[in-house]
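Hi everyone, thanks for coming. Let me put something on the screen, and then we can walk through a few details together.

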Amino acid sequence: MASKKPGARQPLSRARPRAVSKPGLSVAQPRSLSALKKKLSATTPARNIVRRKRRPPADPATVYERLTREYPRAQCALVHDSPYQLIVATILSAQCTDARVNLVTPRLFATYPRASDLADADPTELEQIIQSTGFFRNKSRSLIGMASAVVAEHQGEIPDSMEELFQLPGVGRKTANVVLGNAFGINEGVVVDTHVGRLSARLGFSRHSDPVKIEQDLIRRFPRDSWTILAHLLISHGRAICVARRPRCEECVLSDICPSSLV
Ligand code: SF4
């Protein structure tokens, strides 16, 4: 018979601690962290659980009134003189700053002053002019396609309805809203860009990330005649104070009503 040496390791099957039955203690021991958490949450008295309450959304009328006072000159930042120039600038502004677009458009509008000129543009020459705005091949295709459709179907004039604008190549709901609101003075919807989306979430106006759903939430909360300027106000505030990384809540005129305020 083999004798056991002092200090020799036992086989794992025998080394595992056994459940010990003691009065007042459960015999079954949780085997994993998640099981332990589940067990604790099941036995923790309700009074010990601290739940953070969701704060109510900011009052739309107050937000509008304060931002109007704060940014009395809020307006479309894309320099333009006509619906044609604005639709071109808006197409170029995808994934690009308005400031960069404004550097490019003077030469672009001088080279192609009307939709018919842009429709006949040489793609290589156009790409070279708009190159610094990024995605220039796609944008060049969209610009020539849009201008060709405007010439073929609208006698060279930019149409003034959502339905017709939406049919043009390279024109989505956001571009159509920009053109309708700022070139024609028609409040058809709210422009939702990255700033408007972020502020809508922080102010509690929308819980969606889809721009179309955010727009619907804003339309429900604000009167129609404010839709165009509302986007400019939110964009101005998003650029100046409610910036993406670390909002400057301590300087914000909405900090007492904003559900995301850090002060
Ligand atoms: S309080 Fe803060 S989070 Fe709310 S809108 Fe102002 S800067 Fe943005």
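Let's start here: in which helix is His232 found? The answer is α13, which covers residues 227-240. Please keep in mind that what you see is a predicted model.

Now, is His232 buried or exposed? His232 has a relative accessible area of 11%, and because the cut-off for buried is under 20%, His232 counts as buried. And what is His232 in contact with, if we set aside its neighbours within four places in sequence? Those partners are Ala74, Gln75, Cys76 and Asn182.

On to the aromatic rings. How many aromatic pairs does a search of the whole structure find? It finds 2.

Take Tyr84 and Phe109: their ring centres are 6.4 Å apart and the planes sit at 55°, so we call this pair tilted. Tyr84 belongs to helix α4 (residues 83-92) and Phe109 to helix α5 (residues 98-111), so the pair ties together parts 25 residues apart in sequence. Both Tyr84 and Phe109 are buried.

Then we have Phe205 and Phe222. Here the centres are 5.4 Å apart with the planes at 85°, so this pair is edge-to-face. Phe205 lies in the loop between α11 (194-202) and α12 (211-221), while Phe222 is in the loop between α12 and α13, so parts that are 17 residues apart in sequence are tied together. Phe205 counts as buried, at 1% relative accessibility, and Phe222 counts as buried too, at 4%.

That's my tour, and I'm happy to go back to any of these views.

Terms used:
Residues numbered from 1 in each chain as written. Predicted model: local features only at pLDDT ≥ 70, side-chain atom pairs only at ≥ 80, totals over all residues. Heavy atoms only, no water. Helix = DSSP H or I, 4+ residues; strand = E, 2+ residues; numbered from the N terminus. Buried < 20%, exposed > 50% of the residue type's maximum accessible area, 1.4 Å probe, protein only. Contact = heavy atoms within 4.5 Å. Phe/Tyr/Trp six-rings, centres within 6.5 Å; stacked < 30°, edge-to-face > 60°.
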